[in-house]
Amino acid sequence: MNQGIKTVIYPVKDIIQAKTLFSKLLGVEPYMDEAYYVGFRVGDQDIGLDPNGHKQGMTGPIGYYHVDDIKKNLQNLLDAGAQIQQEVKDVGGGKLIATVQDGSGNIIGLIQLP
């Protein structure tokens, strides 16, 4: 099942400055505050800041569709013509992510929670 986009991750160059900016924008403090990732939760929406995103090829924010079966959904996208940007990987605690690029160059993210 696809639950829609519930996570948006921004690549950032200065994690401290970005954390300050997004704290003011969102009106909340981060629920996760690490050197490798800062995460905010606003309602059902997660907003993440990734200081390594540019090094991993991110050129802007990526929306992540929450899915129950990441491998099945990934294969469906590949069968429809998408190209792998990032294979399925565990980013901690059993949370799996993957990204693909569609024929127009858009990046589509998938996330499966444990």
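The model is predicted, with local features needing pLDDT of at least 70 and side-chain atom pairs pLDDT 80 or more, while totals for chains, interfaces and linings use all residues. Residues are numbered from 1 along each chain as its sequence is written, and side-chain values use heavy atoms, with hydrogens and water left out.

I noted that β3 and strand β4 (residues 45–50) pair in the antiparallel sense over five bridges; strands are DSSP runs of E, at least two residues long, and helices are runs of H or I, at least four, numbered from the N terminus. Two strands pair if DSSP finds at least two bridges between them. The hairpin of β3 and β4 has two residues between the strands, and Gly43 in the turn has a positive phi of about 65 degrees.

I then turned to strand β2 (residues 32–34), which pairs with strand β3 (residues 37–42) in the antiparallel sense over three bridges. Here Met32 stands opposite Gly39 in β3.

Next I examined Gln112, which lies in strand β8 (residues 107–112). A polar atom of the Gln112 side chain lies 2.7 Å from the backbone nitrogen of Ile70. Beyond its neighbours within four places in sequence, Gln112 is in contact (heavy atoms within 4.5 Å) with residues including Val67, Gly94 and Leu96.

Finally, I checked accessibility, where buried means under 20% relative accessible area, exposed over 50% and partly exposed in between (1.4 Å probe, protein chains only). Phe22 is buried at 10%, and Tyr10 is partly exposed at 28%.

Conventions: A polar contact is a pair of N or O atoms within 3.5 Å; within protein, one must be able to donate a hydrogen and the other to accept it, and residues adjacent in sequence count only if both atoms are side-chain atoms.
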